[in-house]
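Please read them with the viewer open.

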Amino acid sequence: MTAPTPAGTAVETGRPESAAPERSGRAALVWRRFRRNKTAMVGLVGLVLLFAFAFLGPLLTHWSATDIDLVNTQSGPTGDHFFGTDDVGHDMFAQTVNGMQKSLIIGLLVALLSTGSAGLLGTAAAYFGGWWEKVIVWLTDLFLVVPSLLMLIILSPYFQGANWLVLVPMIALFSWMITSRVVRGMTLTIREREFVRAARYMGVPAWTIIRRHIVPNISSILIVDFTLNVGAAIVTESFLSFLGFGIRSPNVSLGTVINDGAQFASTDQWYLFVFPASVLVLIILCVNFIGDGLRDALDPNSTGASAR
Amino acid sequence: MSQNLLLPHSAGRSGEPARTEGPLLSVRDLNVTFASEAGDVRAVRGVSYDLHPGEVLGIVGESGSGKSVSSMAILGLLPDNARVTGSIKLDGRELLGLNDKQMSKIRGKDIAMVFQDPLSALTPVFTVGDQIVEALTVHQKLSRDAARRRALELLDVVGIPDPERRFKNFPHEFSGGMRQRVMIAMAIANDPKVILCDEPTTALDVTIQAQILEALKNAQELTGAAILMITHDLGVVAGFADKVAVMYAGRPVEQGPVDEIYYSPRMPYTIGLLGSIPRLDASGEHGRRPLTPIEGNPPSMVGLPDACPFADRCPIATEICRDSEPELLAAGGNAHLSACHRRADLQSGTIPIDEVYPVPEIPEAELDTVPREQRAPVLAVKGLRKHFPLMRGAVFKRRVGTVKAVDGIDFEIREGETLGLVGESGCGKTTTLLEILELVAPQAGSIAVFGREAANLSGRERLEMRKDIQIVFQDPMASLDPRMPVGEAIAEPLRTHGWSADRAAARVAELLELVGLEPYHAARFPREFSGGQRQRICVARALALNPKVVILDEPVSALDVSIQAGVINLLDELRAKLGLSYLFVAHDLSVVRHIADRVAVMYLGRIVEIGDVASVFRAPSHPYTQALLSAIPLPDPRKERERERILLPGDLPSPANVPSGCRFRDRCFKYASLNAAEQARCRDEDPVIVPRPDREDHAAACHYADALQVV
């Protein structure tokens, strides 16, 4: 996750000669506070289970995502086809699980990359000022005014044959700008705070100050942005796939599966939509729970995470 | 000030107040409770007092003692979740229970208010004149013309020069002191019976504070109003109030005539407060009397037990203090009340007042015995200058002027020495500090640490040098990263300078103990500490690398007095123990008098007077120093009444527009008394700082320097 790289490594705990029972660095403290948060732990366990489901799920069925069961087209959920089949006879379970693999990776990686670069560029622009700032702000504005969809369509021929992972930088490239601007604004105020000045006068290097003092203090926005980006990336990916760019038939992603199933949402074949859509909801829910927990753990003002 | 004032009922109301007619404002058993998540916060618990016409009641207390809430209750300005019980009578009329519309008729007319922050109390989008006119026409039927005339008159009364022009100005065009004058003008606009002043001078510099208090006094004489003065500053109250109520944990714990409270306090909290303020008029050897801090922190106002709320911090608490809360009862004659179970012992002298608090031992520094000349200089600043260009224009920037923030200053700090750098806001203190801390070549002049020029350092050497020079900032909340556990914050300088995690952790524990905290506090976040503790943490961080010089930028001005004393003692003790040198920047001269060996007074980017503390304070030679010292209120009512105050006219000029010759001459009272030829010298010749002829370590930058005792 992008959320603050906990500063400094954990200071050794439980030194024999010290009377202090719990001396620990920020990383350990944040982890301890995170663990106290039940929903956050549910989210974390849920996400691990979803990953397990995505990568171990194929073992539960003998159908693969590309197999076509001509005998059982438009079948409802059965013992053989857990999530039913579509018009052609694709096994929805195999398709969902297969799509999840890609979507989970795309969602998390895109969020990591776009929130990460937004944080990096935003803080650097504000902290260093001068030419750094001019160039970064100019770049941000440029990406904001260029219609991203048009760019993607223009660029797509160059990536026709490429691996689907190319989608990750492509989507990230057009989703960092607004956060970056917000981050820059927040950094401008934090930069003037005395604790940042204090660190400078101690001789702490600039990037360490950014990592240790600035990023944790803007972590709320970064975490919220990250959790939103996961969902947004999965949806964007399906949209791009729809345009024939990225993941194309017979390969599937969660986005394409949901897209195909959407028209059946209110028909007898609801299962074509409901199952993959609930998986998407679960992914986003888990990521949000983790994000909330992390935000509370990092925020000393939250009461949720403090010891009682 | 205008003499022919057209106040409607000024006749018969000025002069000696008639005390026979019964109280003007009578508060009885006032209770204010706020509902909160954690339970009911009992912010005010049983406040009772009477205010007679023309009287000044000072309500003193630390933050959170309920002093502001109790006065907001009088105005009916508390939020909706406040439950107010008791009785507030103005001229016999009950105010509690009146609805907002009825209260609006009283607010601003019978009871007026002067707030702490005059910028947020004035509307930024209307001119000052319009706002006064509005205050007038809301309560009085006046024609526009009459209201305007009246407003101009009021501006004149409160001492705003050129009211005709200032009438049309917006609040942002006024300085802080001027805005507060406007607030006073608005407060007295309708000839109120009571003026509530909530920390009216806290946000202002001392010389401006003196002006404002003077303006308030004038306003009171003109209107004959009673004043309720809420403040944390015992000095302000001493000279201004007739009666004092000391509040603690939502209750008045001692109440009585001002002299009684100051000279024969009957409650340990009051005694503690008085003992914890550093005094300008301190006598004794070196002027240094250790301060007696009050240990601990005020209690939480949620679920207070039936015990004296001060018992945990009180050195003379006994069983009974923890079993029941003392009532506010008579403690000696003259309407002197005290809420203390041991008031009788304090009154009879069984417990002498000076012995209530143990006097802390401040160790003598070894270096103190070495004469100053034989000690090595640790920080030498010569001719330091920092000018900022003043730019105009959006696309094509052009230089339209120069802000001379620091304009050539010299000083030297020797081993084990504390130099106090004092001056009002905008005089260049902070710029000086920041220039020193950058450790690079200044625009002009030189900065040398241990004889090494900052200008010639390589990056690595500069990093090394940072070990030796550290800083403690003013606001302990802002200077600690709220998201970083304090252990990590203290370890930061250590880790930066390559200490291993193990060694750093051990050092953090050691440092926490050194500043009076516990090693297990390391895993907590700054917000879990009180202001005083946070400042201790900042001190610990500054000391982590065993620096030689610590720069203290107003280290105690954000703290309550009782807490402040503890931090000052700590700094004193650490200096002696570790042989530190301090550059102590402050606007509070009493604190500097207490802690510093030498003092430098800054005015508009220059040092105007420098020298040994005792010498400078006893015989200040520069008119500015004299005015500055005389402006500071002493927590001693009798001395305060006898003192002549030197009031400086106007505000600190902008450093972008420094007067020719002597930069102080515009405001100098001495300049005004000189003849034309002498004045010409002040106008044309910039005075240099020269040693005073008859003194050892004392220099002043004035053509006509002459000692004058003002304290």
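Predicted model: local features only at pLDDT ≥ 70, side-chain atom pairs only at ≥ 80, totals over all residues.

The points below take chain A, then chain B.

1. Local features are discussed for residues with pLDDT of at least 70.

2. **Chain A overall.** Chain A has twelve helices and zero strands. Its pattern along the sequence is α-α-α-α-α-α-α-α-α-α-α-α. Of its 308 residues, 45% are buried. Take the contacts with a separation of 6 or more: 68% of them join residues 24 or more positions apart.

3. **α3(A) against α7(A).** Helix α3 of chain A covers residues 92-128, and helix α7 of chain A covers residues 177-191. Their axes come within 7 Å and cross at roughly 40 degrees. Angles under 35 degrees count as roughly parallel and 65 to 115 as roughly perpendicular. The pair α3(A) and α7(A) is therefore oblique. The crossing of α3(A) and α7(A) is right-handed.

4. **Who touches whom in that pair.** From α3(A) come T115(A), A118(A), G119(A), L121(A), G122(A), T123(A), A125(A), A126(A) and Y127(A). They meet T179(A), S180(A), R181(A), V183(A), R184(A), T187(A), L188(A) and R191(A) of α7(A). By class, the contact of α3(A) with α7(A) divides into seven nonpolar, seven polar and three charged residues.

5. The buried set is G177(B), M178(B), R179(B), Q180(B), R181(B), V182(B), M183(B), I184(B), A185(B), M186(B), A187(B) and I188(B). Their packing partners in chain B are β6 (111-114), α3 (118-121), α4 (128-139), α5 (144-157), β7 (194-198) and α8 (206-223).

6. **α18(B) against α19(B).** Helix α18 of chain B spans residues 531-543, and helix α19 of chain B spans residues 561-578. The axes come within 9 Å and cross at roughly 20 degrees. α18(B) and α19(B) are therefore roughly parallel to each other. The crossing of α18(B) and α19(B) is right-handed. On the α18(B) side, the contact uses G531(B), G532(B), Q535(B), R536(B), V539(B) and L543(B). On the α19(B) side, it uses I563(B), G566(B), V567(B), L570(B) and L574(B). The classes in the contact of α18(B) with α19(B) are six nonpolar, four polar and one charged. As background, an α-helix has 3.6 residues a turn, so residues three or four places apart point the same way.

7. **Positive phi in chain B.** F450(B) is not glycine, and its phi is near 50 degrees, a positive value. F450(B) sits in the loop between β16 (444-449) and β17 (452-453) of chain B. It has 15 other C-beta atoms within 10 Å and is partly exposed. For E554(B), phi is also positive, near 50 degrees, again in a residue other than glycine. E554(B) lies in the loop between β19 (549-553) and α19 of chain B. With 18 C-beta neighbours inside 10 Å, E554(B) is partly exposed.

8. **G459(B).** Is G459(B) buried or exposed? G459(B) is exposed, with 8 other C-beta atoms within 10 Å. Its helix is α15 of chain B, residues 459-466. G459(B) and R645(B) are 186 residues apart in sequence. C-alpha to C-alpha, G459(B) and R645(B) are 51 Å apart in space.

Conventions:
Residues numbered from 1 in each chain as written. Chains lettered and ligands numbered in written order. Axes fitted to C-alpha atoms, helices over the stretch in contact; angles between N-to-C directions. Helix = DSSP H or I, 4+ residues; strand = E, 2+ residues; numbered from the N terminus. Parallel < 35°, antiparallel > 145°, perpendicular 65-115°, else oblique. Left-handed = near helix turned anticlockwise from the far one by under 90°. Contact = placed C-beta atoms within 7 Å. Nonpolar A, V, L, I, M, F, W, Y, C, P; charged D, E, K, R; others polar. Buried ≥ 20, exposed ≤ 12 C-beta atoms within 10 Å, placed from the backbone.
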